[in-house]
Amino acid sequence: MTKIIGITGGIASGKSTVTHYIRQKGYQVIDADQAVHELQAKGGKLYQALLTWLGQDILDASGELNRPKLSKLIFANPENLEKSAQLQNAIIRQELAERRDRLAKTEAIFFMDLPLLFEQDYADWFDEIWLVAVSPEVQIQRLMARNGYSQEEAQQRLASQMSLGEKCKLADRVIDNDGDLKQLQEQVVNQINRLEDSEQG
């Protein structure tokens with residue numbers, strides 16, 4: 001029986017560091033952000049759907065999606081925002097389901113990296129959900145360093161997301177990333193070993 005592990009976290013919590021390490025350990029990871037990027041590329045399913053809905057105005061000179069223009073149109077009014085969410089979420093969910101089902105045929109254990117796992121109701125896809133968590137103070141420091149945000153901008157970005165505290169209550173395992181890389185990797189290895197032991201047991 002294939003085990004599917006969902007990985008999620010907040011902004012700047014270190015989720016990509018964890019998934020990178022899991023890949024180094026030889027496991028497959030489906031990356032939702034990467035899938036969305038591919039779907040929005042020229043000719044992709046999301047690209048086509050957005051083009052049909054909003055017309056040629058959303059393209060740049062080379063025929064790719066003009067992201068600033070697109071987000072302006074989508075955020076222009078609540079109806080557009082809602083329609084965009086429905087349209088994109090349906091296509092993304094279908095694509096992720098296809099990728100999941102393909103891997104389930106060949107892998108005993110694999111992972112899916114979904115930033116909005118809880119917010120978009122993916123929880124029932126998984127045997128376990130791992131949350132990469134950091135304290136809000138560390139999150140704000142990392143956001144400021146990584147994205148060049150002011151403290152206020154960083155706090156606004158955090159406030160717009162479901163809090164890590166709420167996510168902790170919903171996750172099966174919490175990987176604490178307040179320490180250094182070595183401590184993070186040790187926790188990941190412990191969790192992987194536990195999974196492998198339960199497979200053999």
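These legends describe close-up views of a predicted model. Local features need pLDDT of at least 70 and side-chain atom pairs pLDDT 80 or more, while totals for chains, interfaces and linings use all residues. Residues are numbered from 1 along each chain as its sequence is written, and side-chain values use heavy atoms, without hydrogens and water.

**View 1. The largest nonpolar core has 28 residues.** A nonpolar core is a set of buried Ala, Val, Leu, Ile, Met, Phe, Trp, Tyr and Cys residues joined through side-chain atoms within 4.5 Å. Buried means under 20% relative accessible area, exposed over 50%, partly exposed in between (1.4 Å probe, protein chains only). L96, M112, Y122 and F126 have the most contacts inside this core. Among the elements supplying at least two residues each are helix 3 (45-54) and strand 4 (128-133). Helices (H or I, at least four residues) and strands (E, at least two) are DSSP runs, numbered from the N terminus. Helix 5 gives the most, with 5 residues.

**View 2. Surroundings of M112.** Residues up to four places away in sequence are not counted. M112 touches (heavy atoms within 4.5 Å) residues including I4, I30, R100 and W125. A second, separate core of 16 residues includes I5, I7, Y27 and L195.

**View 3. Helix 6, residues 136-147.** V138, Q139, I140 and L143 are its buried residues. Their cover includes helix 7 (151-159) and helix 8 (164-170). G148 follows helix 6, with a positive phi near 70 degrees.

**View 4. N77 in the loop between helix 4 (67-74) and helix 5.** N77 is partly exposed, at 27% relative accessible area. A polar atom of the N77 side chain lies 3.2 Å from the backbone nitrogen of E79.

Technical notes:
The expected span of a helix is 1.5 Å times one less than its number of residues. A polar contact is a pair of N or O atoms within 3.5 Å; within protein, one must be able to donate a hydrogen and the other to accept it, and residues adjacent in sequence count only if both atoms are side-chain atoms.
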